[in-house]
Amino acid sequence: MTPELIRYIEEKIISQYSAFDLAHQEGHVRAVLSESMRLAQFYDVNEDMVYVVAAYHDVGLCEGREFHHITSGRMLMNDISLRQWFDEKRLSIMRDAVEDHRASNSYEPRTIYGKIVAEADRQIDCDTTLRRTIQYGLKNYTNLDKEGQFARALEHISKKYAEGGYLKLYIPESTNSKGLEQFRTLISSPKLFREAFDAIYDEEISKKEY
């Protein structure tokens with residue numbers, strides 16, 4: 001990988017995540033970066049491009065969540081500094097990959113770069129996935145009490161992760177299939193899901209960051 005590019009991403013891009021909600025801060029982008037680079041080893045891809053796509057995938061949150069994937073792609077494409085390392089064609093491929101990472105998109109990522117970052121971004125783990133959902137709810141739905149947060153979390157998770165949910169997986173070398181199976185087991189048990197929610201919710205509230 002190109003050391004100058006890594007230095008630029010570290011100093012100018014990853015630092016932007018400190019302004020986002022708890023579910024999308026530096027720990028999140030670093031996890032996506034790490035998993036993206038691991039998955040890249042199984043495919044014939046340019047590692048610099050994989051690294052950039054992973055780093056930029058959520059920077060568009062600075063303008064709101066609804067269209068953050070489109071904003072992120074635009075920010076990547078408009079970053080003049082990247083043109084010292086990539087030509088127009090590769091920038092376009094990376095922009096498309098960033099746009100395609102969102103789980104709620106109705107279409108499959110157009111390239112392997114999009115599939116890699118989409119898969120890396122899923123990070124399906126019972127504790128992590130539920131915690132990120134709760135963190136987002138506490139940050140963005142401040143009018144809801146605990147029961148309201150529970151109802152919101154359950155509705156979101158059911159639509160996305162339950163059998164027939166909209167989330168799709170693309171890379172067989174990831175651990176998400178196993179994580180999704182375990183999470184669906186949790187979702188299918190109202191008692192276990194409520195216990196898990198209560199434990200994480202109470203933990204998050206005790207941090208006094210909301």
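The crossing of H3 and H6 is right-handed, meaning that the near helix is turned clockwise from the far one by less than a right angle. This is a predicted model in which local features need pLDDT of at least 70 and side-chain atom pairs count only at pLDDT 80 or more, while totals for chains, interfaces and linings use all residues. Residues are numbered from 1 along each chain, and side-chain values use heavy atoms, without hydrogens and water.

H3 and helix H6 (residues 112–122) pack at an angle of about 50°, their axes 10 Å apart, the axes being lines fitted to C-alpha atoms over the stretch in contact, with angles from 0 to 180 degrees between N-to-C directions. That makes H3 oblique to H6, a class left over once angles under 35 degrees (roughly parallel), over 145 (roughly antiparallel) and 65 to 115 (roughly perpendicular) are set aside. The contact (heavy atoms within 4.5 Å) is made by Met49, Val50, Val53 and Ala54 of H3 together with Tyr113, Ile116 and Val117 of H6.

Helix H1 (residues 3–13) has Leu5, Tyr8, Ile9 and Ile13 buried, that is, under 20% relative accessible area with a 1.4 Å probe and protein chains only, where over 50% is exposed and the range in between partly exposed. They cover an arc of only 100° around the axis, which puts them on the same side of H1. The buried residues of H1 pack against helix H3 (47–56).

Trp85, in the loop between helix H4 (68–78) and helix H5 (88–99), counts as partly exposed at 23% relative accessibility. Not counting residues up to four places away in sequence, Trp85 touches Thr2, Glu4, Leu5 and Tyr8.

Terms used
Helices (H or I, at least four residues) and strands (E, at least two) are DSSP runs, numbered from the N terminus. The arc is that of the directions from the helix axis to the C-beta atoms.
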